[in-house]
Amino acid sequence: MRAEWVIVTDGQDRWHRWLLDVRFGGDAAARQQDLTRYLYPVRDSVLDRARLQPGDTVLDVGAGDGLIAFGALERLGPSGQVIFSDISQDLLDHCRKAATAEGLAGRCRFVLAPADSLDGVPDASVDVVTTRSVLIYVKDKAAALREFYRVLRPGGRVSLSEPINVLMSPCDPGLFFGYDVGPVRELAAKVEALYDSIQPPGVDPMLDFDDRDLVGHAVDAGFPAVDLELQVSVRSAKQPVPWERFLRMSGNPLMPPLAEALGQVLSPGEFTAFTDCLRPLIEAGTGRERRAIAYLTAVKE
Ligand SMILES: C[S@@+](CC[C@H](N)C(=O)[O-])C[C@H]1O[C@@H](n2cnc3c(N)ncnc32)[C@H](O)[C@@H]1O
């Protein structure tokens, strides 16, 4: 449905750069592969659970490059409206441009607002709130759920999906993001210490919650009906990734790409020793894959 256009990420904010470039290591083919393999199925699960009706107004919080929001526009039909909200003006501009190119702009609104303070979205004004992989960046998740409750009309629904990071890498403390780098374990610890200094475990919003907290916040916000499904998968192999691409990737927008992180904490000799060990594992996909995703739905009376 969406038009192809040249993606320019230079000079854009970090959310835009990461979403459209760094998370795929700058590789357009990898982006398409990830969309097909992981992201479209999650989008479809969120939208299935949202039980959209023709003519609904959907608010997609943290819309990013529009994964969920454009999917909603397609499902809603010509009478449905979608409000794209995000803290990134660059991403909102990107979505506005895409919507205009598709002739959809008349059914879209764009609101610059954080999830926990949705100013610009009136009380009881939307039928559905969707969000995917956004609360994980929000410190006050309880406030975000209260905002979702506030903006929904009676009978309105929330459908959201969040990765549960505490059920991923931290479950394999001996591995470096799922890879067994035993011979250079002490070098891996230096890199992990850098990551921990940027995102302290137990304190950082990405690492301070699990699925039970999401349910609690939804109940506390006032939703009388809340359901959550947790999907956890562990696999003994990872997707092989070309090394140069892997060096350009980072796990989330707040982290430096791997090459940058290694350059910050390893000497040139350590860099060589570490990458000599890690590279073949990355290229062969020799590692443990963990995924943990929560799908929460809630209905307002
Ligand atoms: C991982 S992306 C997900 C984007 C989109 N929802 C998707 O499914 O592809 C996270 C998005 O959340 C936005 N974001 C980060 N912190 C936010 C906050 N406090 N409130 C609202 N959006 C936020 C970012 O700008 C980015 O667009």
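Serine 133 is partly exposed, with 19 other C-beta atoms within 10 Å; on this scale a residue is buried if 20 or more other C-beta atoms lie within 10 Å of its own, exposed if 12 or fewer, and partly exposed in between, with C-beta atoms placed from the backbone. The structure is a predicted model, in which local features need pLDDT of at least 70, side-chain atom pairs count only at pLDDT 80 or more, and totals for chains, interfaces and linings use all residues. Residues are numbered from 1 along each chain as its sequence is written.

Serine 133 sits in the loop between β4 and α5, where helices (H or I, at least four residues) and strands (E, at least two) are DSSP runs numbered from the N terminus. The phi of serine 133 is positive, about 55°, although the residue is not a glycine. Most residues other than glycine have a negative phi. A second case is alanine 124, whose phi is near 45°. Alanine 124 belongs to the loop between β3 (108-112) and β4, and it counts as exposed because it has 12 C-beta neighbours inside 10 Å.

Strand β4 (residues 126-132) is mostly covered, with 7 of its 7 residues buried. On one side, β4 is joined to strand β1 (residues 57-61) by 4 bridges, and the two run parallel; strands are taken to pair if DSSP finds at least two bridges between them. Within this pairing, valine 58 has valine 128 of β4 as its bridge partner. Together, β4, helix α5 (residues 141-151) and β5 form a right-handed β-α-β unit; right-handed means that, with the strands pointing away from the viewer, the path from the first strand over the helix to the second runs clockwise.

These strands belong to an open sheet of 7 strands with mixed pairing, in the order β3-β2-β1-β4-β5-β7-β6. β3 and β6 (225-235) stand at the edges, each with a single partner strand, so one side of each is left without a neighbour in the sheet. From one strand to the next, the twist averages 15°, with axes fitted as lines to C-alpha atoms, for helices over the stretch in contact, and angles running from 0 to 180 degrees between N-to-C directions.

Helix α2 (residues 28-50) lies across β4, β5 and β7 (289-299), running at about 160° to β5. Valine 42 lies in this helix and is partly exposed, with 18 other C-beta atoms within 10 Å. Not counting residues up to four places away in sequence, valine 42 touches Arg132, Ser161 and Ile293.

The ligand is surrounded by 19 residues, the closest being Trp15, Gly62, Gly64, Leu67 and Arg132; a residue is near a molecule if its C-beta atom, placed from the backbone, lies within 6 Å of it. Helices α1 (14-20) and α3 (67-76) each supply at least two residues of this shell.

Methods:
Two residues are in contact if their C-beta atoms, placed from the backbone, lie within 7 Å.
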